[in-house]
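Here is a friendly walk through a two-chain model, told as questions and answers. Take a look at the structure, then read on.

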2 protein chains.
Amino acid sequence: MAIVGKHEDVTPEVYDDGKIAKGVEKRVLIGPDNGAPNFIMRHFTVKPGGFSPFHTHDWEHEVYILKGKGFLRLENEQKPFEAGDYVFVPPNEKHQFVNDTDDVLEFICVIPKYGN
Amino acid sequence: MAIVGKHEDVTPEVYDDGKIAKGVEKRVLIGPDNGAPNFIMRHFTVKPGGFSPFHTHDWEHEVYILKGKGFLRLENEQKPFEAGDYVFVPPNEKHQFVNDTDDVLEFICVIPKYGN
């Protein structure tokens with residue numbers, strides 16, 4: 001059955017050990033629990049100075065920046081992004097989302113069902 | 001290789017025959033041309049009074065509303081949505097995105113690679 005929901009009503013998972021990740025909230029908006037057959041839509045909030053893990057895995061990210069600015073840290077470069085940008089991280093490319101600003105960063109990140 | 005791009009730099013496909021669809025622009029942000037292995041991220045703009053086709057297919061939509069308001073027309077009901085909402089349309093459920101407001105509607109819609 002079709003679902004319409006508010007992202008802020010989804011309980012977040014918090015990643016904030018300060019070393020591997022900092023100031024990150026992840027909300028799974030659409031996933032296996034809703035009957036999603038192929039891929040998972042998540043909403044991320046990254047506080048000022050926060051970051052996701054600098055890591056790699058064998059699945060891709062398809063991202064849309066909703067609010068704020070930051071940069072994508074890769075092995076040998078950094079790519080800045082801002083609201084209205086899309087970001088594609090292919091499988092097996094080491095990456096990190098960094099909020100080096102004084103404002104909150106928000107983005108949508110879609111992954112295949114087998115990643116998590 | 002990772003990609004960062006601006007959605008407004010992508011050339012849109014226009015759907016505007018006034019019967020099947022009206023006032024719709026589709027931008028494929030991330031898809032097979034970028035090496036996306038599993039699913040496709042598209043950006044839609046629907047002008048005031050516009051609508052997507054009222055149709056069904058055997059793949060799902062995972063949607064995030066970026067801007068504006070509207071409603072999801074289903075076979076037997078309508079579900080309103082607004083910016084900040086997520087929308088899941090499972091496979092084989094007849095659906096239409098309608099902008100019945102005076103403002104532009106924008107959303108992200110992700111589909112599996114085999115849908116199009």
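Two strands pair if DSSP finds at least two bridges between them. Please keep in mind that this is a predicted model.

Q: Which residue of β8(B) does A:Ile3 stand opposite?
A: Strand β1 of chain A, residues 3–6, is joined to β8(B) by 4 bridges. The two strands run antiparallel. Within β8(B), the residue opposite A:Ile3 is B:Phe88.

Q: How confident is the predictor, and what ipTM does the model score?
A: For chain A, 99% of the residues reach a pLDDT of 70 or more, and the mean pLDDT of the chain is 97. The model has a pTM of 0.97, and its ipTM is 0.97.

Q: How many strands does chain A have?
A: Chain A has 0 helices. Read along the sequence, its pattern is β-β-β-β-β-β-β-β-β-β. The number of strands is 10.

Q: What is the radius of gyration of chain A, and why does the chain count as compact as a globular protein of that length?
A: The C-alpha trace of chain A spans about 45 × 30 × 30 Å along its principal axes. For 116 residues the globule rule gives 13 Å, and the value for chain A is close to that, so the chain is as compact as a globular protein of that length. The radius of gyration itself is 14 Å.

Q: Among contacts in chain A between residues at least 6 apart in sequence, what percentage join residues at least 24 apart?
A: As background, 34% of the 116 residues of chain A count as buried. For the contacts between residues at least 6 apart in sequence, the share joining residues at least 24 apart is 61%.

Q: How many residues of chain B are in contact with chain A, and which strand gives the most to that side?
A: On the chain A side, 37 residues take part, and they are in contact with 37 residues of chain B. Several strands of chain B each supply at least two residues to the side that touches chain A, among them β1 (3–6), β5 (61–67) and β10 (105–112). The residues of that side divide into 7 charged, 7 polar and 23 nonpolar. With 5 residues, the strand that gives the most is β8(B).

Q: Why can we say that the copies meet through the same surface, and what percentage shows it?
A: We compare the interface residues of chain B with those of chain A. The copies meet through the same surface because the share of chain B interface residues that are also interface residues in chain A is 100%.

Q: In β8(A), which residue is the bridge partner of A:Glu62?
A: Strand β8 of chain A, residues 85–89, has 5 of its 5 residues buried, so it is largely enclosed by the rest of the structure. A:Asp85, A:Val87 and A:Val89 point one way, while A:Tyr86 and A:Phe88 point the other way. Strand β5 of chain A, residues 61–67, is joined to β8(A) by 4 bridges and runs antiparallel to it. The bridge partner of A:Glu62 is A:Phe88.

Q: Is B:Glu62 buried or exposed?
A: B:Glu62 is found in strand β5 of chain B. Among the residues that B:Glu62 touches are A:Phe39, A:Met41 and B:Phe88. A residue needs 20 or more other C-beta atoms within 10 Å to be buried. B:Glu62 has 26 such atoms within 10 Å, so it is buried.

Q: Is B:Lys19 buried or exposed?
A: B:Lys19 lies in the loop between β2 (13–15) and β3 of chain B. B:Lys19 has 6 C-beta neighbours inside 10 Å, so it counts as exposed.

Q: Which residue of β10(B) does B:Phe44 stand opposite?
A: β4(B) is mostly covered, with 10 of its 13 residues buried. It is joined to β10(B) by 8 bridges, and the two strands run antiparallel. Opposite B:Phe44 stands B:Phe107.

Note on methods:
Residues numbered from 1 in each chain as written. Chains lettered and ligands numbered in written order. Predicted model: local features only at pLDDT ≥ 70, side-chain atom pairs only at ≥ 80, totals over all residues. Contact = placed C-beta atoms within 7 Å. Nonpolar A, V, L, I, M, F, W, Y, C, P; charged D, E, K, R; others polar. Buried ≥ 20, exposed ≤ 12 C-beta atoms within 10 Å, placed from the backbone. pLDDT = per-residue confidence, 0-100. Rg over C-alpha atoms; globule rule 2.2 N^0.38 Å. Lists of a residue's contacts leave out its neighbours within four places in sequence.
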